[in-house]
Amino acid sequence: LQFFQRDIAMAAIAIMAVGDAITTVVGTYFGKIKNPLNPKKHLEGTAIAIVVSTLSAFFFVPFPIAFFGSLAGMIFESITVRYISKILDDNLIIPLLAGLTMTLLS
């Protein structure tokens with residue numbers, strides 16, 4: 001909330017909360033196609049999460065900004081990011097990258 005304008009911060013939080021949950025549920029129960037960025041995840045979960053998180057972010061920002069913020073957040077959700085020997089939590093990365101993307105586009 002300190003890094004971005006209020007609407008963008010709220011949209012980024014919505015993207016993280018909704019998108020992260022949807023990728024897990026859809027990928028676990030309906031996923032068949034492995035994600036080329038991370039073989040532990042499924043493309044179906046990522047695709048549905050982009051759609052649903054775009055709709056949740058659309059409550060706070062215009063649709064194109066919500067879409068690209070969701071796209072950036074969900075792409076980075078599917079990647080395992082390491083810093084030195086530690087895996088960075090995607091709950092930190094998703095809202096930061098989604099918020100940065102939406103800020104640059106607005």
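I looked up F68 and found it in helix 3; helices here are DSSP runs of H or I with at least four residues, numbered from the N terminus. This is a predicted model, where local features need pLDDT of at least 70, side-chain atom pairs count only at pLDDT 80 or more, and totals for chains, interfaces and linings use all residues. Residues are numbered from 1 along each chain as its sequence is written, and side-chain values use heavy atoms, with hydrogens and water left out.

Next I checked the nonpolar surface patch: V51, L55, F58, F63, F67, F68 and L105 make about 650 Å² of it. Patch members have over 30% relative accessible area and no salt bridge, and nonpolar side chains (Val, Leu, Ile, Met, Phe, Trp, Tyr) are joined within 5 Å, like charges within 9 Å. Helix 3 gives the largest share, 3 residues.

Then I looked at how helix 2 and helix 3 pack: the angle is about 140°, with the axes 8 Å apart. They are therefore oblique to each other (under 35 degrees is roughly parallel, over 145 roughly antiparallel, 65 to 115 roughly perpendicular, the rest oblique). I logged the crossing of helix 2 past helix 3 as right-handed.

Last stop was Q2, in the segment before helix 1 (6–30). Q2 counts as exposed because its relative accessibility is 77%. I also got 31 Å between the C-alpha atoms of Q2 and L37, which sit 35 residues apart along the chain.

Notes. Accessible areas come from the Shrake-Rupley method with a 1.4 Å probe; for residues, only the protein chains shown count as cover. A salt bridge is a side-chain nitrogen of Lys or Arg within 4 Å of a carboxyl oxygen of Asp or Glu. Helices (H or I, at least four residues) and strands (E, at least two) are DSSP runs, numbered from the N terminus. Axes are lines fitted to C-alpha atoms, for helices over the stretch in contact, and angles run from 0 to 180 degrees between N-to-C directions. A crossing is left-handed if the near helix is turned anticlockwise from the far one by less than a right angle, and right-handed if clockwise. Buried means under 20% relative accessible area, exposed over 50%, partly exposed in between (1.4 Å probe, protein chains only).
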